[in-house]
Structure formats: C-alpha cells, structure tokens
Amino acid sequence: MRVIVVGAGVVGTLHAWHAVERGHQVVQIEREAEARGASLRNFGQIWVSGRAGGEELDTALRARELWESIGARVPGLGFRANGSLTPLRGQRELAVAEAALARTDAAARGYKLFTPDEARAVNPALRGTFDAALYCERDAAVEPRTAQLALREQLSRSPDYTFLPGREVRDVIGEHAVRDDHGDVHTGDVVVLCTGAWLGGLVRELAGPELPVRRVRLQMMQTDPLGEPLTTSVADADSFRYYPAYRSPALDELNTLQPQAPTAAEHRMQLLMVQRADGGLTIGDTHEYEHPFAFDTLEDPYDHLTEVVESFLGRPLPRIRRRWAGVYAQCTDTGRVVHRQRVRDGVWLVTGPGGRGMTCSPAIAETTANELGW
C-alpha cells in the first residue's frame, strides 16, 4: 500500500510512522520547511492525569505505551516517565483531589495523594508552601521542539519513506491523489490530511463550512536552566477546572467558593510546567477561543504564571528565555478525542485533538491505521 500523509506535525508524523511500521510506502508532504505549529509550541507532556474517563483515557494510556516503546528506539524523543505533581492548598482543593482518587479509574492513572514531605521526596525542587499534592504516576514527557525531527530521522532510514517539505497541497484529484503547489501529483492508495490548525482553503472545500473543529490560541514561555532537576511535571489546582477527570461536586464547590484569580479567569488559565532536556522550564498556559485572535502576547498572564511557579518552588524563576503564542485545532464536541472524516473516497481528514495532540497522537494514528485496514 502507498500512503500519502499531508502534514508533518506530530499527528501526521505518527501516521507516517505507523504506515512504515506496517510495511507500507509513505510520502509525507509538508507546506513548511519543517512543521512550525502546535506540535512544537506545547509542553511535550504525555498528560494522562486529567483525561476524561472512557475512550479519552483509554486513548491516552495506549498512547503512553506507544510513546515509551517508540522512545526506546528513538532516544531523540527525550521520552521520560516523570509523572506529575499538583500541589494543593486548602480544604477545597484537597477535596477535588480526594474525589479524583475515588474514581474507579484512579489506579489506571496512578493517582496518589502525597503529604508535602512525600511530594518533596519525589520532587525536591518544590520548596514552597502547600498542604498536599496529587501525584499521577502515568504522566510522562517528550521534547516537543525536536520530537518530529527525531521521528523523521528514524523514518528516513527506511527506503519506503519520502519526505517532501516546502510543498502546499492545493487540490485532491479524483480518488487517492493530491496536487501540490509545484504542480506535482502524488498518488497513493489512501490520503490522510493531518493539517492541524489549517482549517481553511482546501480543508474547507473538502470538509464543508460546518467542520466541527475550532481554533484555540495559547501563550507559553520558557526559562533559562533551573540549575537543578525538576523531577516531575507540575500543575496547579486551576488545572482541575480545565480537565474533565476532576469534575465533581467538590469541583463545583471550588468554583463557587474559591474562584480563580482575576487574571487566570480572564485568560482561562492553568499552570502546567515541565523541565526541558537543557534544564529550562516550559510554563503555560492561556486559552483564547474568540476570533479574531490577538496578534500580540500579553504580560499579565506571564506575571500570574511566574507568581504561581515561584510560590511552588520557593525561589525566583530563572530568566525568561522566550515567549510565544500558538494555535491548535480542537473538536467543538470536546468529548471527542479527534475528528476523523472521510472527505473523498480514499481521502481522510484527521484533525482537532485539541490539547490532547501530543499526548494522544500515537494512538490516534494507530486507530486510523486499524480502521483503514493498513
């Protein structure tokens, strides 16, 4: 079988990976010289802890297994099973964590409730004041800025894989073929469009104007090296308000009686933080849903994140090295893991994983391969 994959972000690259692994010929086409979208502008977290029970959690857990097995073959992914800690302050935040621990799938996530001393035994960098911490053993991380490059380097060792950068697909020709802006036609047995947040142009023509996917904008930042290990990923209790696994009467009470700080509420914020291979910290994030998106980044969210992080670390942050904004595609039905649609015979659109893209992409691609009979 010959598979044409359009898009070299993490979703597209994992589709190419599964196709090559199953013995198929793959042509992967990318409109940029390298992917530059949400696949690079994220935390690199394999985030199991907050996923909704059922299909979403099953997908995340399967993806976690796949990331670990691929990481053993591709060290450049930087896969590490680092787990996560969410420091808690006050009885209301603690009650939300206790409700999560009472879930029937808590053991599958590796939830544990730690005292401050137990949390610091796992992550000594957390010297700030907190009352307890929710631990999730199944969370992990990779290096988002280099993961696609490492995967593609491995793919390129196969004679069945061809990468064509700097080519934008402009048209689908009949069945199983696309034409790029160089005028070249690429024909296969199946075409998979993994176009990320690029939802206009050809995607709109193929999927129609009512595509159930929206674009979401975020802001993030990265510091200079911390100077010590941050041995787990770290979240704050605002993540409880964002992730579906934490929905409970205890969360309703937290939202009612202990609302978010004004800046966090205005920008729909949570703290997520992970240490990069060079020792720096990736920190975020905000969520913006209304169009048109701003074209600039705002300082108030960064100030808020800095304050929260420093309160957990008990020390000043290193110098901020870079700040950025990103845009990703999310199903408007947020209960769906991804939008997978046959837009022509032999042509499939796979998009809209939202903030689950880095976490779930290996399993999303595996499901596509299974459903299409690769």
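Author: Helices (H or I, at least four residues) and strands (E, at least two) are DSSP runs, numbered from the N terminus. This is a predicted model, in which local features need pLDDT of at least 70, side-chain atom pairs count only at pLDDT 80 or more, and totals for chains, interfaces and linings use all residues. Residues are numbered from 1 along each chain as its sequence is written, and side-chain values use heavy atoms, leaving out hydrogens and water.

Reader: Why are H1 and H2 called roughly perpendicular to each other?

Author: The axes of helix H1 (residues 10–21) and helix H2 (residues 55–73) cross at roughly 75 degrees and come within 14 Å. Angles from 65 to 115 degrees count as roughly perpendicular, therefore H1 and H2 are given that label.

Reader: Which residues of H1 and H2 make the contact?

Author: H1 supplies Val10, Leu14, Trp17, His18 and Glu21, and H2 supplies Leu66, Trp67, Ile70 and Arg73; contact means heavy atoms within 4.5 Å.

Reader: What makes E8 and E18 edge strands?

Author: The open sheet has six strands in the order E8-E2-E1-E12-E19-E18, with mixed pairing. Strand E8 (161–165) and strand E18 (339–344) each have a single partner strand, so one side of each has no neighbour in the sheet.

Reader: How do you know that E2 and E8 pair?

Author: Two strands pair if DSSP finds at least two bridges between them. Strand E2 (residues 25–30) and E8 have five bridges, in the parallel sense, and Gln28 stands opposite Phe163 in E8.

Note on methods:
Axes fitted to C-alpha atoms, helices over the stretch in contact; angles between N-to-C directions. Parallel < 35°, antiparallel > 145°, perpendicular 65-115°, else oblique.
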